[in-house]
Amino acid sequence: MDERPIDGTRSYYSKGAIFFHWTIAALIIANLAIGFLHEGFSPALRGTAMGFHKSTGILVIVLTLGRIAWRITHKPPPLPVTARSWEKGLAHAVHWLLYALMLALPVTGWLMTSAGKRKYALDFYGLFPIPYLPVAQNEGAAHTYADRHELLGWIALALLVLHLGGAAKHYFMDRDRTVQRILPWLRDRSAA
Ligand code: HEM
């Protein structure tokens, strides 16, 4: 599984990067589902689900900051030799845009909740209070943040679909080892 090329570089991500990737992915998928579906829940379930949604969003901010620190201090494995230089540049730019989205999406939710009526307690899974962001309570501003939160939610959903489509293409059609870089336990489907 290690398959280190002769120069000693790894062909898969470090354990820390794999942990951050899959933990944050699961939390974001859960929050997208709750965010888009909560209006159909019963009032009691909606209250619990939205409390979980807010706590999970704050957890995503903390984990994303940890992930960025990890990314800066741990070099990712090199892209396949077949990747052209513009493809490498694009992959790099998209990865940093995704980090920005992973922060901007929960921060707009936090801003919306802080600028809104503050009807419900804001706490971290009921364990301790989360402070409101220092913005004035203002219905107009809360609506603006809500619109941005929703727009970023749709962008995240679209990128998630593209991301999964790209992974499926690498695994089933190109049969290269791109997916195994982040899922080293996955069976090798390479044609060679
Ligand atoms: C990874 C983090 C997050 C994701 C993926 C996410 C996603 C979403 C989505 C897709 C919606 C539905 C938007 C709509 O259709 O109007 C939503 C609603 C909402 N989000 Fe988030 N969110 C995140 C973090 C947060 C945080 C940190 C807070 C607050 C502390 C928050 C507060 C809210 C609230 C209050 C709503 C309901 C708005 C309404 O019904 O009017 N979100 N979220």
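Visitor: What counts as a helix here, and where is the place of Ser-14?

Guide: Helices are DSSP runs of H or I with at least four residues, and strands are runs of E with at least two, both numbered from the N terminus; Ser-14 has its place in the segment before helix 1. This is a predicted model, in which local features need pLDDT of at least 70 and side-chain atom pairs count only at pLDDT 80 or more, while totals for chains, interfaces and linings use all residues. Residues are numbered from 1 along each chain as its sequence is written, and side-chain values use heavy atoms, with hydrogens and water left out.

Visitor: How many helices and strands are there in the protein?

Guide: The protein has four helices and zero strands, and from the N terminus on its elements run α-α-α-α.

Visitor: Is Ser-14 buried or exposed, and what does its side chain contact?

Guide: Buried means under 20% relative accessible area, exposed over 50%, and partly exposed in between, using a 1.4 Å probe and protein chains only; because its relative accessible area is 13%, Ser-14 is buried. A polar contact is a pair of N or O atoms within 3.5 Å; within protein, one must be able to donate a hydrogen and the other to accept it, and residues adjacent in sequence count only if both atoms are side-chain atoms. The side chain of Ser-14 makes such a contact, at 2.9 Å, with the side chain of Trp-70.

Visitor: Which helices do the buried residues of helix 1 pack against?

Guide: Contact means heavy atoms within 4.5 Å, and the buried residues of helix 1 pack against helix 2 (43-73), helix 3 (85-115) and helix 4 (139-174). Among those buried residues are Phe-20, His-21 and Leu-27.

Visitor: Which protein donors does the iron atom of the ligand have, and what is the arrangement around it?

Guide: Donors are N, O and S atoms within 2.8 Å of the metal (3.2 Å for Na, K and Ca), and water is not among the atoms, so sites may look incomplete. Here the protein donors are His-53 (NE2) and His-149 (NE2), lying 2.0 Å from the iron atom. This pair links distant parts of the chain, with His-53 in helix 2 and His-149 in helix 4, 96 residues apart, and both histidines are buried. Six donors count as octahedral if opposite donors are over 155 degrees apart and all others between 65 and 115; the six donor atoms around this iron atom subtend angles of 85 to 179°, which makes the arrangement octahedral.

Terms used. Tetrahedral: all angles 85-135°; square planar, octahedral: opposite > 155°, others 65-115°.
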